[in-house]
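Here's a quick look at the aromatic side of this one. Have the structure open as you read.

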Amino acid sequence: FAVGDLGPGTIDFLDFLVASGQRIWQTLPLGPTGYGDSPYSLLSAFAGNPLLISPESLVADRLLDEDDLADAPAFDPAKVDFEAARAWKALVLRQSYQRSQHYQDAALRESFQAFCDEQRNWLDDYALFMALKAHFNGKTWTDWPRPYAMRDPEALAGARNSLSDEIAFHAYAQFQFFHQWLLLRASAHARNIRIMGDLAIFVAHDSADVWAHQELFRLDDNGRPAVVAGVPPDYFSETGQRWGNPIYRWDALAADGYRWWIARVQQALQLQDLLRLDHFRGFEAYWEIPGEAETAVSGHWEPGPGEALFTAIREALGDVPFVAEDLGVITPEVVALRKRLKLPGMRVLQFGFGSDASNGFLPHNYSRNTVVYTGTHDNDTTRGWFASLAPSERGHALEYLRSNERDIVWDMIRAAEASVANIAILPLQDPLELGSEARMNYPSKSEHNWAWRCPPNLLTPAVAARLTELATLYGRAPTGRQQHSDE
């Protein structure tokens, strides 16, 4: 149904992971996407993406008829058309919502009300935000009439009354997402699969989070970002990356005991077992760019919250299983913070072949407290990456991996799994040996990303057998002798 969902197809994928000897499934952020369909530009840091709701599961729950799915368009199995997907899924979800209003099932009504009560700290603002956004034709909240943008109590009270049905629809969509996801997570656990989620450090400006908590972000009098986040010029871009996310008022967050961040992590732990902290280096220092600047070149470093934030989280929630995404411009101070927090860092094999044997991304330089990747969602696939290498880097990779080039992808996978890193993660494109056509994201481009889909016919027994062989050989399979216990 256009994008993949949380229904039977995902159960099939979990079974493929089991057949492949895998124990961890890592996902991108799961929230409702906004600009550019990026999972790092979400309409809410707490909500789930309604596009992932399974229509087949709604049929099974008698909240749709099979006939309601009969007119599903013939979507491309290898690429997402987000506009078409949103249009069709919105119709289906609204049909389901209307049926729920007339469905005399006390258990359903009680579950929905319990969900709304349990999630009220973010759900009320999110559902109102989405209803207002629809009412104002999808405009960014700073372009709404000022009483609504600045959250005038009288204006919001009127909106809650006049838009009550639209508000209830968005709450219903979240209820269904959480219901289906938690069933899926239970299915994963039954198969001894843990889920690693992804927690972006920053949130989108056009989000329920910023609109509802303007006091926690550095905004001007009209609610627009005074300064924005990004990174300086790097491997991916000569002008850096201007992400455009508003920057937190870390002083205000600290004064409030970091309650918003604690609630965000607590919410994530309802859905996932481990949490990748995107852009970990920003907690030590972040790249601050003037709001009016067109590129990231004019930015500068500012100190982040450091250890204080993580102390507050641990005091409230215990020892959270974070993974630090410590890529980019990493200083000794960032390394020291990660080590004080005892968090595993990340290593990307594709970054290992541009220098000499001292390169920290080469496996012989890893420590156990590491998560190794052949590549990430921001990299080309390994096959595409190797095809684009300069001759010197290509020669280094072939020599280091003892590769004959024909099996370069599996030689990279072997190097990751054979390393001492406690966790090895493979982008799905790599064991499928796909090229650049299957790349997920180009960090320097704002459009035409995030659209790759995995056709189910590619998840073959032959791929599963090859993955199982390596996972077993290097003690990573569930039945294998594990390298180390301190994941």
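## Aromatic pairs

This predicted model holds 42 aromatic pairs. Take Trp122 and Tyr126: their ring centres are 6.0 Å apart and their planes meet at 55°. Planes under 30 degrees apart would count as stacked and over 60 as edge-to-face, so this pair ends up as tilted.

Both residues belong to helix 5, which covers residues 120-135, and they sit four residues apart, about one turn of the helix. Are they buried or exposed? Trp122 has 5% relative accessibility and Tyr126 has 2%; buried means under 20%, so Trp122 counts as buried, and so does Tyr126.

Phe280 and Phe283 make another tilted pair, with 6.0 Å from centre to centre and 50° between the planes. These two are buried as well.

## Charges over rings

Which ring does the charged end of Arg281 sit over? That would be Trp301, with the charged end 4.1 Å from the ring centre. Arg347 does something along those lines with Phe361, lying over its face at 5.8 Å from the ring centre.

## Around Trp261

Trp261 is part of helix 11, residues 259-271. With a relative accessibility of 1%, Trp261 is buried too.

So what does Trp261 touch? Leaving out residues up to four places away in sequence, its contacts include the aromatics Tyr248, Trp250 and Phe283. Leu199, Ala200, Ile201, Leu253 and Leu309 are also among the residues it touches. As for Ile313, it is 52 residues from Trp261 along the chain, yet their C-alpha atoms are separated by 7.7 Å.

Notes: Residues numbered from 1 in each chain as written. Predicted model: local features only at pLDDT ≥ 70, side-chain atom pairs only at ≥ 80, totals over all residues. Heavy atoms only, no water. Phe/Tyr/Trp six-rings, centres within 6.5 Å; stacked < 30°, edge-to-face > 60°. Helix = DSSP H or I, 4+ residues; strand = E, 2+ residues; numbered from the N terminus. Buried < 20%, exposed > 50% of the residue type's maximum accessible area, 1.4 Å probe, protein only. Lys NZ or Arg CZ within 6 Å of the ring centre and 35° of its normal. Contact = heavy atoms within 4.5 Å.
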